[in-house]
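Subject: Structure handover and notes

Hello,

The structure we talked about is below. Please look it over before you read the notes that come after it.

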Amino acid sequence: MSEDQIEVRKRLFVKSLSAFQKTASKLLRFDQLNTYNDLELEKYDALGARFTRVYECAIKLFRAKDIVDSLETAVSYRDLLHKMERFGWISDIEIWNDIKIVRNKLNHEYLPSEQESIYNFIIDISLKIQFRKDKILMLTDIEIAQEAKMKKITDIAEGLGIDADDLEQ
């Protein structure tokens, strides 16, 4: 394993993260009380698949970094996360544990009652996860709000298929 291979893993991670965030940005939070048709559910399934891809790319990147920069490679997932925290590549081990749990639920049978919490966790993570200067950051809600660009309410309504005449002034 070499620095070049780490760069390849970074590019794959960034590409998968971008696709994941684009998919998530087009979806509203999942509501179990709604009745979704197959096409609507397919979009959430695609979101789950892209979330899984981001996780897998991140772990491969972490393992590559560990192999190149450590005398002794991590044996467990937790050890790997602790090393990435020491390298300054991640800032919150617990969120990565939560990501792994959700990824495992997606890849195995999960209870239908968990569908809402799973998809909404994924949508929330899509807003928080950033890759900057060789670090995978989890932004706080305040940081997300500070980076947000205001949109006109008429533009938002149009995107949701609501006529401008139906908006209250």
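The notes below cover the overall layout and then a few helices and residues.

This is a predicted model, in which local features need pLDDT of at least 70 and side-chain atom pairs count only at pLDDT 80 or more, while totals for chains, interfaces and linings use all residues. Residues are numbered from 1 along each chain as its sequence is written, and side-chain values use heavy atoms, with hydrogens and water left out.

Overall layout

The protein has seven helices and two strands (DSSP runs numbered from the N terminus: H or I of at least four residues for helices, E of at least two for strands). From the N terminus the order is α-α-α-α-α-β-β-α-α. The C-alpha trace spans about 65 × 35 × 25 Å along its principal axes.

Of the 169 residues, 34% are buried (under 20% relative accessible area; exposed is over 50% and partly exposed is in between, with a 1.4 Å probe and protein chains only). The accessible surface is about 11100 Å², and carbon and sulfur atoms account for 52% of that (Shrake-Rupley method, 1.4 Å probe; for residues, only the protein chains shown count as cover). Taking contacts (heavy atoms within 4.5 Å) between residues at least 6 apart in sequence, 57% join residues at least 24 apart.

There are 26 positive and 31 negative side chains, and the centres of the two sets are 8 Å apart. Lys and Arg count as positive and Asp and Glu as negative, without His or the chain ends; the charge is placed at NZ of Lys, CZ of Arg, CG of Asp or CD of Glu.

Helix α4 covers residues 93-107 and reaches 21 Å between its first and last C-alpha atoms, close to the 21 Å expected (1.5 Å times one less than the number of residues). The buried residues of α4 include Trp-96, Asn-97, Arg-103 and Leu-106.

Thr-52, in helix α2 (residues 38-69), is in contact with Arg-103, Leu-106 and Asn-107, leaving aside neighbours within four places in sequence. Thr-52 counts as buried because its relative accessible area is 13%.

Lys-100 is also a residue of α4, but is partly exposed at 27% relative accessible area. With neighbours within four places in sequence left aside, Lys-100 is in contact with Tyr-55 and Tyr-77. Its C-alpha lies 11 Å from that of Val-54, 46 residues away in sequence.

Helix α5

The 14 residues of helix α5 (residues 115-128) should span 20 Å, and the end C-alpha atoms are 20 Å apart, so the two agree. Among the buried residues of α5 are Ile-118, Tyr-119, Asn-120 and Phe-121. Asn-120 has a relative accessible area of 6%, and its side chain reaches the backbone nitrogen of Phe-30 at 2.6 Å. Not counting residues up to four places away in sequence, Asn-120 touches Arg-29 and Phe-30.

Strand β2

Ile-136 sits in strand β2 (residues 135-138) and is buried at 1% relative accessibility. Leaving aside neighbours within four places in sequence, its contacts include Phe-13, Ala-58, Phe-62, Trp-89 and Trp-96. Ile-136 and Leu-61 are 75 residues apart along the chain, with their C-alpha atoms separated by 11 Å.

Regards

Note on methods
Polar contact = N/O pair within 3.5 Å; in protein donor to acceptor, adjacent residues only side chain to side chain.
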